Amino acid sequence: MPELPEVETVRTSLLPHILGKRIAKVKIRREDVLLSEPSRLEDRIITGAERRGKYLILLFDDNSRLMLHLRMTGRLTYNENCPEPEKHTHVQLLLKPAGCLSWTDVRRFGRLQQFAPGEKLAGTAFGGLEQLGSEPVASEITIEYLEAVCKRHAKASIKALLLNQQVIAGLGNIYADEILFQAGIHPARAAGSLKHTELASLAEAIPDVIARAIKLRGTTFRDYVDGEMRAGGFQKSLCVYGRKGELCTVCGTKIDCMRLAGRTTCFCPGCQH
DNA sequence: AGTAGGACCTGGTGGC
DNA sequence: TGCCACCAGGTCCTAC
């Protein structure tokens, strides 16, 4: 499941392969994943790749932008030669002088959309983009910021708050669980009930978990690979996610799971209160 | 306004 | 062996 560390890894792994290259041809196999006119991409030169939350943004020479969201099973991968499309490859961008970007997505939740220079980054798949919350870095996730958002969403569970992209951009189910474990906070706690010391733990855990995950090039639990088809490494560092019934590495208690905010939520009953 | 839950989508898995 | 129900989850939409 691509969350911020995975999207960031895709970005950095693709950049050296695609920077300065021209899109020679756009091959569409499923039209519903590309929300803008394919012909507008042709002849554009890729001048950069940025990330905001879980969104990947390719920049072009005419100042237009291609927004991509991998959702659950989306992949953007680079090949030196243009490979035969896989079963779920929906879009391919043939590059000049060489190479090919392939968009592959089994569940077809992911979307791509090109925005004209200066055009608002809004639309059916990207409506929430301009309302995204803070990036999970230490400079933005302060105790004061968390205090304010927990007050505004006092009744929501802290797990639901972490998954809210308008509060913190880029966290998903895996990292929300890992962050709450590291902070020692039970996922079902109401956000408004957190004490100052707990908010301090959270403010420390959020940037720390994300930074460690980026360093290990993300988490490959099922499908995820980066732009060069490489798996991530953070799955070896997971403490609670996907470890139901296993023993906590800190206290030895059995890891438990519950349904929260519509998501499977794993936690250690011994460490998280 | 804030919160919760369903819809979207397909492949893998487990039960019978 | 085959069939089917169920689960995975990011985001949008709707209802309360």
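This is a predicted model: local features need pLDDT of at least 70, side-chain atom pairs count only at pLDDT 80 or more; totals for chains, interfaces and linings use all residues.
**Entry 1: the surface at DNA strand B**

I began with the residues of the surface near DNA strand B, and by class I found five nonpolar, two polar and four charged.

**Entry 2: overall dimensions of chain A**

I next looked up the chain as a whole and counted five helices and ten strands in chain A. Its C-alpha atoms fill a box of roughly 55 × 35 × 30 Å along the principal axes. I then asked myself how the radius of gyration of chain A stands against that of a compact globule. For 273 residues a compact globule would come near 19 Å, and chain A has 20 Å, so the two agree.

I traced an open sheet of four strands, in the order β1-β6-β7-β5, and noted that the pairing is antiparallel. At its edges I found β1 (22-28) and β5 (74-79), each of which pairs on one side only. Neighbouring strands of this sheet are turned against each other by 20° on average, with direction ignored. Helix α1 (residues 4-18) packs on the sheet and touches β5, β6 and β7, while its direction makes about 30° with that of β5.

Within the sheet I followed strand β6 (residues 89-96) and strand β7 (residues 100-105), which pair in the antiparallel sense over five bridges; Leu-94 has Cys-100 in β7 as its bridge partner. In the loop between β6 and β7 I came to Pro-97, and there I checked the peptide bond that joins Lys-96 and Pro-97, which is cis, with omega at about 10°.

**Entry 3: helix α5 and its two partners**

Which residues of α1 and α5 meet? I found Leu-4, Pro-5, Glu-8 and Thr-9 in α1 against Ile-210, Ala-213 and Ile-214 in α5, a contact that by class has five nonpolar, one polar and one charged residues. The two helices, α1 and α5, pack at an angle of about 35° with their axes 9 Å apart, and α1 passes α5 in a right-handed crossing.

I then turned to helix α2 (residues 143-152), which packs with helix α5 (residues 196-215) at an angle of about 115°, with the axes 9 Å apart. The crossing of α2 past α5 is right-handed. On the α2 side I listed Ile-143, Leu-146, Glu-147 and Cys-150, which meet Leu-199, Ala-200, Leu-202 and Ala-203 in α5. By class, this contact of α2 with α5 has seven nonpolar residues, no polar residues and one charged residue.

**Entry 4: a hairpin and a loop with positive phi**

I looked at strand β9 (residues 256-260) and strand β10 (residues 263-267), which run antiparallel and are joined by five bridges; the bridge partner of Leu-260 in β10 is Arg-263. The hairpin of β9 and β10 has two residues between the strands, and Ala-261 takes a positive phi there, near 55°.

Last, I checked Asn-63, which lies in the loop between β3 (55-60) and β4 (65-69). Its phi is near 70°, a positive value in a residue other than glycine.

Note on methods:
Residues are numbered from 1 along each chain as its sequence is written. Chains are lettered from A and ligands numbered from 1 in the order in which they are written. Ala, Val, Leu, Ile, Met, Phe, Trp, Tyr, Cys and Pro count as nonpolar, Asp, Glu, Lys and Arg as charged, and the others, Gly among them, as polar. Axes are lines fitted to C-alpha atoms, for helices over the stretch in contact, and angles run from 0 to 180 degrees between N-to-C directions. A crossing is left-handed if the near helix is turned anticlockwise from the far one by less than a right angle, and right-handed if clockwise. Two residues are in contact if their C-beta atoms, placed from the backbone, lie within 7 Å. Two strands pair if DSSP finds at least two bridges between them. The radius of gyration is taken over C-alpha atoms; the globule rule is 2.2 Å times the number of residues to the power 0.38.
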